[in-house]
Amino acid sequence: MERFFEKIIKPILIKYEPSHIVEIGVFLAGRSTIKLLEFCKMMNSKLTVIDPAPGFNTYAYEAVFSEELVLHKKHSLEILSEIETADLVLIDGDHNWYTVYHELMAIEQIATKTGEFPIVILHDTEWPYGRRDSYYFPETIPLQYQKPHAKKGIRAGSSELVDTGGINEDQHNAMNEYGEENGVLTAIEDFLKVTAFSLSFHRVNTNNGLGILVPKDTRGDVVMQFIMDTSGL
Ligand SMILES: C[S@@+](CC[C@H](N)C(=O)[O-])C[C@H]1O[C@@H](n2cnc3c(N)ncnc32)[C@H](O)[C@@H]1O
């Protein structure tokens, strides 16, 4: 996600000045969380971070950014229903259909309360996880939504996982690519079929993909301008 910060996320922050930002999946906070917190400090905004296993010293961040940061060490689907408002949501947590689809449905519930769908930025919308589930925490996914999966690597051009090498071989990856309810991009497409909001969806295909959902108004054109120049990403 942080590869997109300077060219896409920062311009969105500057243009729309979100006052309530939600970041799902942070891993190492130095990457984008610290930049979001610096923005919040300048703009008097709030950042809600959701990650059951953040890979950084959360106590130091909570102390330094006590006014700006609310941290939930939980899974996104446990906490999103408690969130009252959001203008910008960044999703980079568990990369599977069930989680992403239900995260978007939960955001729709927040939007129903506020009357406005937030700008939602999702990472890993292209290969390898656009059309293939991966499970950080398989035990949190109902069995009927878990694709057969294994801790084996992924290789471009092969639907099946490979026995040696490949990428992300230490993760629980779905054994096959494509098919129904498989992958992050499929979850977004399925959400777009059912949402009551009028949204446009924009894709950047570098760095495993970035997807941006925005209300169908002038924001779509603005985001299009931000994503036109992806050179150097
Ligand atoms: C790919 S990393 C995030 C990288 C980060 N956004 C960045 O740009 O550096 C994924 C993170 O999502 C977290 N995660 C996994 N499942 C999650 C869930 N259901 N809700 C929230 N976070 C989750 C993991 O603990 C991990 O820290």
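Two strands count as paired here if DSSP finds at least two bridges between them, and strands themselves are DSSP runs of E with at least two residues, just as helices are runs of H or I with at least four, all numbered from the N terminus. With that in hand, let me start at strand β1, which pairs with strand β4 (residues 88–91) in the parallel sense over 4 bridges. Before I go on, please keep in mind that this is a predicted model, in which local features need pLDDT of at least 70 and side-chain atom pairs count only at pLDDT 80 or more, while totals for chains, interfaces and linings use all residues. Residues are numbered from 1 along each chain as its sequence is written.

Is β1 buried or exposed? By buried I mean that 20 or more other C-beta atoms, placed from the backbone, lie within 10 Å of a residue's own, with exposed meaning 12 or fewer and partly exposed anything in between. By that rule 5 of the 5 residues of β1 (residues 20–24) are buried. In a regular strand the side chains alternate between the two faces of the sheet. Here both faces are covered, with His 20, Val 22 and Ile 24 on one side and Ile 21 and Glu 23 on the other.

Let me turn to the other strands. An open sheet is formed by 3 strands in the order β6-β8-β7, with antiparallel pairing. Because β6 (134–135) and β7 (149–150) stand at the edges, each with a single partner strand, one side of each is left without a neighbour in the sheet. β6 meets β8 (residues 172–174) over 2 bridges, and Tyr 135 has His 172 of β8 as its bridge partner. Further along, β9 (residues 199–204) and β10 (residues 210–215) run antiparallel and are joined by 6 bridges. These two strands form a hairpin with 5 residues between them, and in the turn Asn 207 has a positive phi of about 50°.

Now the helices. In α6 (residues 184–194), the buried residues are Val 184, Leu 185, Thr 186, Ala 187, Ile 188 and Phe 191, and they pack against α5 (97–114), β5 (119–123), β9 and β10; contact here means C-beta atoms, placed from the backbone, within 7 Å. The axes of α5 and α6 come within 8 Å and cross at roughly 35°, where axes are lines fitted to C-alpha atoms, for helices over the stretch in contact, and angles run from 0 to 180 degrees between N-to-C directions. On the α5 side the contact includes Trp 97, Val 100 and Tyr 101.

A second pair is α1 (residues 5–16) with α7 (residues 218–228), packed at an angle of about 145° with axes 9 Å apart. Among the α1 residues that meet α7 are Ile 8, Pro 11 and Ile 12, and the α7 residues are Val 222, Phe 226 and Ile 227.

Methods. Contact = placed C-beta atoms within 7 Å.
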